[in-house]
Amino acid sequence: MNLRAISLLRAAAASVVLVSFAAAPAGDREPAVVTPGTAGAPPSDAIVLFNGKDLSAWKSDDGSEPKWKVESGNMEVHGKSLMTRQEFGAIQLHLEWASPAEVKGEGQGRGNSGVYFQGRYEIQVLDSYQNKTYFNGQAASFYVHNAPLVNACRKPGEWQTYDIVFHPPKPGADGKVQPGSFTVLHNGVLVQDHIPVLGDASVSAKFTGATHTGPLMLQDHGNPVRYRNIWVRKLD
Ligand code: MG
């Protein structure tokens, strides 16, 4: 065997090692060190999407500059839906929201907004404190697909947390879509327990079909809902 053949064999062996390492399931490798945040603050490996100061991570859903009001460390729905400039696949998301303290409207017209994963799968934001609507359209529902396990809504104007783990449905090599999933905690209470997300679950006319990555979107539904402390961790 000549030197070139030996070096090719070595390169092949090295790539096998790399491939098998990359394919190792989570939990079967040395974990990275992450410094956790306190009281909802981002951990060290998070991508901060809103830190209370500016909208640099966002654009309007038509691509124009966002007009939401940034004030006192939070941002308020104004004008158009917001979309992240960056696209994501599987993520862990933390955000905090508050419906207007002054109660106006009822049902879907009270404090309506929403968090759209990949611009298409909506976890509903709504003032569902003593406010009846269809059960799979209330706060923390996977909008029109799955009601939350319980209604854990705080009072209008109070800050609320969503901690969400999202795995997108993915187009498979065989042409079939592999279902994704949602797990949602609302104010620390489990409300969506690893429920399936199918490829046709989009509630957007603009974004449809299963895809590997897409933007995170915050809905403008005409109500002055506020957001703060938004960060994600990539899971793939
Ligand atoms: Mg909504």
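Me: Let's start with V144. Where in the chain is V144 found?

Reply: In this predicted model, V144 is found in the loop between β8 and β9.

Me: How should I read the phi of V144? What is its value?

Reply: Start with the general idea: most residues other than glycine have a negative phi. Now the case here: V144 is not a glycine, yet its phi is positive, at about 60 degrees.

Me: Which loop holds Q118, and what is its phi near?

Reply: Q118 sits in the loop between β7 (113-117) and β8. Its phi is near 55 degrees, again a positive value in a residue other than glycine.

Me: Is Q118 buried or exposed?

Reply: Buried: Q118 has a relative accessible area of 2%.

Me: Let's turn to L149. Where does L149 lie, and why does it count as exposed?

Reply: L149 lies in the loop between β8 (121-125) and β9 (160-167). It counts as exposed because its relative accessibility is 57%, and the cut-off for exposed is over 50%.

Me: Now the metal. Which protein donors does the magnesium ion have?

Reply: Read a metal site atom by atom. The donors are N112 (OD1), S113 (O), E122 (OE), Q124 (OE1) and Q219 (OE1). They lie 2.2 to 2.4 Å from the magnesium ion.

Me: What spacing do these donors follow along the chain?

Reply: The spacing is N-S-x8-E-x1-Q-x94-Q. As for cover, N112 and S113 are both buried.

Me: Let's finish with the whole chain. How many helices and strands does its secondary structure come to?

Reply: The chain has 1 helix and 15 strands. Of its 236 residues, 42% count as buried.

Me: What share of its contacts join residues at least 24 apart?

Reply: Take the contacts between residues at least 6 apart in sequence: 64% of them join residues at least 24 apart. To complete the picture, the accessible surface of the chain comes to about 12,300 Å², with 55% of it belonging to carbon and sulfur atoms.

Methods: Residues numbered from 1 in each chain as written. Predicted model: local features only at pLDDT ≥ 70, side-chain atom pairs only at ≥ 80, totals over all residues. Heavy atoms only, no water. Helix = DSSP H or I, 4+ residues; strand = E, 2+ residues; numbered from the N terminus. Buried < 20%, exposed > 50% of the residue type's maximum accessible area, 1.4 Å probe, protein only. Contact = heavy atoms within 4.5 Å. Areas by Shrake-Rupley, 256 points an atom, 1.4 Å probe, with all protein chains shown as cover. Donors = N, O, S within 2.8 Å, 3.2 Å for Na, K, Ca; no water.
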